[in-house]
Every structure is written in structure tokens, then in C-alpha cells.
Amino acid sequence: MGSATSELPSHRTPLNDAAETGLKIVVVGGFGVGKTTLVRSVSEIRPLNTEEVMTQAGVGVDETSAVAGKTTTTVAFDFGRISLNERMVLYLFGAPGQERFWFLWDRLFSGTLGAVVLVDTRRMDDSWYAIDRLEHHRTPFVVAVNRFDDDTSRYSLDEIRQALALPGHVPMVDCDARVRQSGKDVLITLVNHLHEMAIAEEATL
């Protein structure tokens, strides 16, 4: 993406005493798609991250041709927190994107109520594994297309939905992972999706 960077919170925001609902949300997607950036930009606390500098040991193992400027990688997970309102808090877990760390994903999915799949349209094939694992776990998710500055294709959301073979009920949104409000809008879309699913399930009882 461009030179803009997300700002880390300068101080810890205490959890509101009125908070009643805590939801575990996982952010998944391919390597270098912006998962760490999204967690950092929206978190109201200084996020925990496990980024390490990429070394020669990853040469021939990690596919970095499409993210040539990337020098670090998440080796476990990122963690952040955001309060959507006084009563609802989201605990965010950013999954590692490199294939050699995918074995961690199933553990991260444990107890997860919903997920965000970040997509880079220059590397849409990298999204298949994330979608497949979420469908396997029957975890509800939304798809957020992280629009990179050097992406000249500008595929529409409908074109991306067709390319990923996503059913119509899966929400899709554009986003800029560097911008806090944009990331927050993605999370609100997910929470609304979970709410609508819960209402639909209650109606069948």
C-alpha cells in the first residue's frame, strides 16, 4: 500500500465497566494482505503482535514475490481489542498468513463467533484456504477487500464474489486496513451479519 501508516494507541483504554458481551473475532487471509495492519489500526489497546524479521531461512519456503517490500511476518498471531459500544467488546486475533503457519488456524478458530477474510485482488487465490477452513468449521464470516494503492485492476465486489464463488448471503465490503474507521466498519458489518443470522435461527425454532 502507500506510505500511510496506522497509528498505535498512545495509551491503554480501560475496559468499560458496563461491557457485557465479549466476542472473539479472527482476521484471516493470505500473506501480506493486511491482517496485522487491520488489528493495529482498530485496537484501542496497544496490540500484541508476534511479527519477526524475515530471514534467509524463508527463501524458497515463503512466497514473497507479490509482497516484495515486506520485511516482517507474523509467526503466531496478533491480538487487539475494540469496544463497539458500551456493552459490546470485540477481541481480535490476526492469524499468520504464511502457509507454514496455517496449522495454527484451527486452534485460533476455537471459540470464534465470526471472522473477517481480508482479500488482496492481486492474489485472490491466497483467499481460498481461509474460506475453506471457515466453511469447514461453520464459522460465519465477511469478506473485506483491502484496496492497495498499486492495484490497477479495480475489480468490483460482484466480480470478486464470482471469482471466489461466494454465496449471496456472505457480506462483502471494501476497506483500507490502515484507516481505523474503515476497519471498524468491517467489524460492524460482521457483527450485524452475526445478529441477522441469530435472528433467522431463532425464527426457525
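This is a predicted model: local features need pLDDT of at least 70, side-chain atom pairs count only at pLDDT 80 or more; totals for chains, interfaces and linings use all residues.
Colleague: Let's start with W128. Where is W128 found, and what makes it "partly exposed"?

Modeller: W128 is found in helix α3, residues 128-137. Its relative accessible area is 37%. Buried means under 20% and exposed means over 50%, with partly exposed in between. The value of 37% falls in between, so W128 is called partly exposed.

Colleague: Which residues does W128 touch, leaving out those up to four places away in sequence?

Modeller: W128 touches A163, L164 and A165. Contact means heavy atoms within 4.5 Å.

Colleague: Now the charged residues. Why is the pair R123 and D126 called a salt bridge?

Modeller: Side chains of opposite charge can pair when their charged atoms come close. The cut-off here is 4 Å, from a side-chain nitrogen of Lys or Arg to a carboxyl oxygen of Asp or Glu. For R123 and D126 the N to O distance is 3.1 Å, which is within 4 Å, so the pair counts as a salt bridge.

Colleague: Are R123 and D126 buried or partly exposed?

Modeller: One of each! R123 has 12% relative accessibility, so it counts as buried. D126 has 32%, so it counts as partly exposed. These two residues also belong to a network, joined with D120 and R122 through salt bridges that share partners.

Colleague: What makes D174 and R147 a pair that ties parts of the chain together?

Modeller: Their closest N and O atoms are 2.7 Å apart, and they form a salt bridge. D174 lies in strand β8, while R147 lies in the loop between β7 and α4, so the pair ties together parts that are 27 residues apart in sequence. D174 is partly exposed at 41%, whereas R147 is buried at 12%.

Colleague: How many salt bridges are there by this rule?

Modeller: The count comes to 9. Another of them joins R178 and D176, with the closest N and O atoms 2.8 Å apart. Both R178 and D176 are buried.

Colleague: Let's finish with the inside. How many residues are in the largest nonpolar core, and which element gives the most to it?

Modeller: The largest nonpolar core has 23 residues, and L90, L92, V116 and L187 have the most contacts inside it. Helix α5 gives the most, with 5 residues. A second, separate core has 22 residues, including A95, V143, L166 and V170.

Colleague: Which residues are in contact with L90, beyond its neighbours within four places in sequence?

Modeller: Among them are L23, I25, L187 and V191.

How values were computed: Residues are numbered from 1 along each chain as its sequence is written. Side-chain values use heavy atoms; hydrogens and water are left out. A nonpolar core is a set of buried Ala, Val, Leu, Ile, Met, Phe, Trp, Tyr and Cys residues joined through side-chain atoms within 4.5 Å. Buried means under 20% relative accessible area, exposed over 50%, partly exposed in between (1.4 Å probe, protein chains only). Helices (H or I, at least four residues) and strands (E, at least two) are DSSP runs, numbered from the N terminus.
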